[in-house]
Amino acid sequence: MKESLGRILIACTALLCATSSAVAQNSKALGFQITPFVGYRAGGSFTDDSTGDEIDVENSSSYGLIINFPAERHTEYEIYFSRQSTELSTGDLFQSSSLVDIDIYHLQIGGTYLFETTSNFQPYFMAAIGGAHYDPDGPGLSSDEFFSFSAGGGWKYFPSRRLGLRLDGRFIGTLIDSDSDIFCQSGPEGSGCLVRTKGETLWQFELQAGLIFRF
C-alpha cells in the first residue's frame with residue numbers, strides 16, 4: 001500500500017497544482033478548506049475461508065484530515081485521510097477473542113456536492129475512492145493494501161468567514177481480495193498467514209466532527 005498510497009498522493013498533489021491558479025484568480029472567494037477531524041468508526045467483518053470464523057473489526061475512535069478546494073459551481077474536490085487504531089477479533093457479542101491489534105489507514109480522493117452555497121449552513125453529499133492500508137501489530141506480520149471507497153454526507157456551518165464546523169457521516173467500503181492470504185509472517189517467529197479470506201467487501205460507518213479552516 002505504500003506504493004499505492006504514494007501514487008494517490010502524487011495524483012492529489014497534481015490535482016491541487018492544476019486548480020491552485022484558478023483559486024488564486026478569485027481572491028475574494030474563500031474556497032480552500034482544511035479540516036482536522038475526530039470520529040468514531042463502527043462495523044466491519046469478513047470471513048476466514050479456512051476456518052469459517054467471522055472476523056470483526058472492533059468499533060473504535062478515528063482521526064484524520066480532509067482537504068477541500070473549489071471545482072465547478074456547487075462542487076468541491078476532496079482529499080480524505082484517516083487512521084483507526086483497533087483490533088481484529090473472533091467470537092460473538094458475549095465471548096470474543098482478540099486476534100491482533102491493527103491500524104487502518106485510508107487515503108481517498110473524490111468530491112462533494114453542496115446543496116446550498118449562499119448561506120452559512122451548507123448541507124452536502126460526498127463520494128471518494130482510494131486505497132486502504134491495514135497494518136497489524138504482531139511479530140513479523142506484514143501489512144496489506146486494498147481498494148477502498150466511501151460515500152456519505154453532512155453539514156458545514158460557518159459562523160465566521162474563515163472558521164467553520166463540519167459534521168459528517170460516511171460509509172466506508174474496503175474490497176478484500178478474492179481468495180487471499182493476508183497478514184502473513186516469515187522469519188524466526190515462523191511462517192504462515194493470520195487469515196485466508198474470500199472475496200468480499202468490508203463495510204464500516206464513521207461519524208466525525210471537525211473544525212474547518214478556510215483560506
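A residue is called buried when its relative accessible area is under 20%, exposed when over 50%, and partly exposed in between, with a 1.4 Å probe and protein chains only. The structure described here is a predicted model, in which local features need pLDDT of at least 70 and side-chain atom pairs count only at pLDDT 80 or more, while totals for chains, interfaces and linings use all residues. Residues are numbered from 1 along each chain as its sequence is written, and side-chain values use heavy atoms, with hydrogens and water left out.

The protein has one helix and 12 strands. Here helices (H or I, at least four residues) and strands (E, at least two) are DSSP runs, numbered from the N terminus. Along the sequence, the order of elements is α-β-β-β-β-β-β-β-β-β-β-β-β. Of the 215 residues in the protein, 41% are buried.

In soluble globular proteins, nonpolar side chains tend to be buried together. A nonpolar core is a set of buried Ala, Val, Leu, Ile, Met, Phe, Trp, Tyr and Cys residues joined through side-chain atoms within 4.5 Å. The largest such core contains 16 residues, and Phe46, Leu88, Tyr134 and Phe183 have the most contacts inside it. Two or more residues of this core come from each of β3 (54-57), β6 (96-114), β7 and β10 (180-185). The most is given by β6, with three residues.

Patches are made of residues with over 30% relative accessible area and no salt bridge; like charges are joined within 9 Å, and nonpolar side chains (Val, Leu, Ile, Met, Phe, Trp, Tyr) within 5 Å. Accessible areas come from the Shrake-Rupley method with a 1.4 Å probe, and for residues only the protein chains shown count as cover. Phe121, Trp155, Tyr157, Leu163, Leu165, Leu167, Leu211, Phe213 and Phe215 make a nonpolar patch of about 870 Å². The elements giving two or more residues to the patch are β8 (144-157), β9 (163-176) and β12 (200-214). The largest share, three residues, is that of β9. Phenylalanine 121 is located in strand β7 (residues 121-137) and is partly exposed, at a relative accessible area of 44%.

Nine aromatic pairs are found in the whole structure. Rings of Phe, Tyr and Trp (its six-membered ring) pair if their centres lie within 6.5 Å; planes under 30 degrees apart count as stacked, over 60 as edge-to-face and the rest as tilted. Tyrosine 113 and phenylalanine 115 form an edge-to-face pair, with 5.3 Å centre to centre and 80° between the planes. Tyrosine 113 is partly exposed, with a relative accessible area of 39%, whereas phenylalanine 115 is exposed, with 53%. Elsewhere, Phe147, Phe149 and Trp203 are linked into a cluster by ring pairs.

Side chains of opposite charge can pair when their charged atoms come close. A salt bridge is a side-chain nitrogen of Lys or Arg within 4 Å of a carboxyl oxygen of Asp or Glu, and by this rule there are seven salt bridges. In one of them, the closest N and O atoms of arginine 41 and glutamate 206 are 2.9 Å apart. Arginine 41 lies in strand β1 (residues 33-42) and glutamate 206 in strand β12, so the pair ties together parts that are 165 residues apart in sequence. Both arginine 41 and glutamate 206 are buried.

A network of salt bridges links Glu78, Arg166, Asp168 and Arg170. Within it, the closest N and O atoms are 3.0 Å apart between arginine 166 and aspartate 168, and 3.1 Å apart between aspartate 168 and arginine 170. The relative accessible area is 2% for arginine 166, which is buried. Aspartate 168 is buried at 3%, and arginine 170 is buried at 0%.

A charge sits over a ring if NZ of Lys or CZ of Arg is within 6 Å of the ring centre and within 35 degrees of the ring normal. The charged end of arginine 170 sits over the ring of tyrosine 80, 4.2 Å from its centre. Arginine 214 lies over the face of phenylalanine 158, 3.8 Å from the ring centre.

Most residues other than glycine have a negative phi. Histidine 74 has a positive phi, near 70°. Histidine 74 is placed in the loop between β4 (60-70) and β5 (75-91) and is buried, with a relative accessible area of 16%.
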